[in-house]
Amino acid sequence: MDFELTEKQKMIRKLTREFAEEYIAPVAEESDRIQELDPTVMKKMKELNYFGTCIPEEYGGAGLHDDTIAFAIITEEIGRIDASWAITTGVHCSVCAYPIYKYGTEEQKQKFLIPVAKGEKIGAFLLTEANAGSDAGGVQMTAEKDGDEWILNGSKIFATNGGIAETMLVVAKSGEKGSRKELTVFIVNSDTPGYSVGVKEDKLGCRASNTSELVFDNVRVPDDQILGNIGGGFKLGLQILDYGRIVIAAQCLGLAQGCLEEAIKYANEREQFGVKIAKFQGIQWKIADMATDVESSRLLTYRAAWLCDQGQPYGLAGSMAKLVASEAAMNAAHQALQIHGGYGLMKAYPVERYFRDAKLGEIYEGTSEIQRLVIASHMLRKR
Ligand code: CAA
């Protein structure tokens with residue numbers, strides 16, 4: 001067993017940390033306030049290939065398709081500064097670009113993956129609907145066969161990157177039997193007639209990341225834009241989420257690390273009763289718990305990533321990592337804010353934003369309750 005990162009992974013951490021501190025940190029508060037991603041950061045991240053992290057160079061990516069630990073480190077380092085950006089690039093790469101690379105035909109990779117990996121088109125994964133969230137099989141959007149095309153009708157909600165996405169993986173019901181086997185995943189570009197963006201959500205946290213409703217009104221998609229097999233969409237969707245959860249775990253890990261650092265910094269500056277508050281045991285215990293949670297999250301996240309790179313099953317490990325890291329992030333944000341006292345409620349300190357951002361991790365790409373169901377089903381040998 002070797003817990004040492006490779007020289008390449010260490011370098012990737014260093015470069016991403018420098019980038020996030022130099023470019024993202026100065027605009028994070030303003031982006032949160034106006035609920036928009038900063039265009040200069042967007043341009044820079046595209047130039048630096050952060051939108052193609054886990055895609056081979058031959059398809060326009062950064063070539064880390066076989067180094068999921070490096071992908072996790074990148075997401076962690078971005079998440080340490082701003083969860084909104086970690087979500088934007090993390091979702092784009094993990095549940096849009098990577099599935100096209102892994103399950104797509106060569107034609108689909110040439111046509112759809114290359115622009116996504118280069119960041120020329122932003123990606124999204126559209127599963128959730130008004131009545132289908134935790135119940136992934138409850139999708140009601142219909143895909144009706146018409147010659148060599150499919151006609152998509154329905155709407156999706158809570159789609160990360162929704163309003164800015166130009167290439168989307170869309171899960172729709174392709175048969176009438178009411179079975180989960182009737183779901184199919186389609187690749188759809190936003191310039192397809194009949195597609196439109198609905199309401200942009202005004203969120204508690206991760207406000208700079210775009211979350212929108214998307215409407216499909218007789219959107220025609222040819223046969224060759226089916227990802228995987230007709231009727232294979234339920235299992236494919238869950239497989240896509242298995243990989244995505246490693247990346248969400250990394251985003252939450254970064255947020256927890258950011259909270260820990262902010263708490264330590266503040267505890268070493270703030271004086272009460274004539275001493276730095278870091279001298280108080282009550283503060284020290286909070287720091288100790290946060291540091292232990294961060295390290296547990298890191299080990300689980302990197303292990304899930306490692307299993308993926310070894311070609312071993314990683315669904316269970318990814319769910320465990322996502323569960324632990326998202327709850328660690330929420331707890332770390334809570335304690336970091338508590339350590340800041342009244343100042344923690346003020347926008348002048350990043351913990352106010354971290355506290356709001358943390359909650360999303362326990363909800364999207366499968367709530368904590370769903371992660372526990374997945375873990376239990378593995379433990380009880382149902383899967
Ligand atoms: N990979 C492949 N197959 C899987 C699987 C996986 N991860 N999980 C289950 N399956 C298979 C099972 O083996 C079973 O196969 P058979 O029918 O051949 O036996 C089949 O799928 C059905 O399994 P279950 O009976 O366990 O299915 P279920 O309906 O009870 O649901 C669930 C299981 C774990 C609850 C699943 O629905 C789930 O993960 N739900 C959460 C979905 C989710 O994360 N939603 C939000 C995502 S989108 C988002 O967050 C926004 C964004 O922008 C990214």
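**Note on domain and helix packing**

1. Domain 1 and domain 2 bury about 1900 Å² between them, of which 60% lies on carbon and sulfur atoms; buried area here is the accessible area, for a 1.4 Å probe, that two parts lose on being put together, summed over both. In domain 1, the residues that lose the most area to domain 2 are Gln35, Gln108 and Phe112, together 32% of what that side buries.

2. This is a predicted model, in which local features need pLDDT of at least 70 and side-chain atom pairs count only at pLDDT 80 or more, while totals for chains, interfaces and linings use all residues. Residues are numbered from 1 along each chain as its sequence is written, and side-chain values use heavy atoms, with hydrogens and water left out.

3. The domain assignment, which is automatic or from a database, gives domain 1 (7–117), domain 2 (123–231) and domain 3 (241–381). Contact (heavy atoms within 4.5 Å) joins 23 residues of domain 1 to 23 residues of domain 2.

4. Helix 4 (residues 83–103) and helix 6 pack at an angle of about 155°, with their axes 9 Å apart; helices are DSSP runs of H or I, at least four residues, numbered from the N terminus, and axes are lines fitted to C-alpha atoms over the stretch in contact, with angles from 0 to 180 degrees between N-to-C directions. Helix 4 is therefore roughly antiparallel to helix 6, a term for angles over 145 degrees.

5. The axes of helix 6 (residues 233–269) and helix 8 (residues 315–340) come within 7 Å and cross at roughly 25°, which makes helix 6 roughly parallel to helix 8, a term for angles under 35 degrees.

Methods
Helix = DSSP H or I, 4+ residues; strand = E, 2+ residues; numbered from the N terminus. Parallel < 35°, antiparallel > 145°, perpendicular 65-115°, else oblique.
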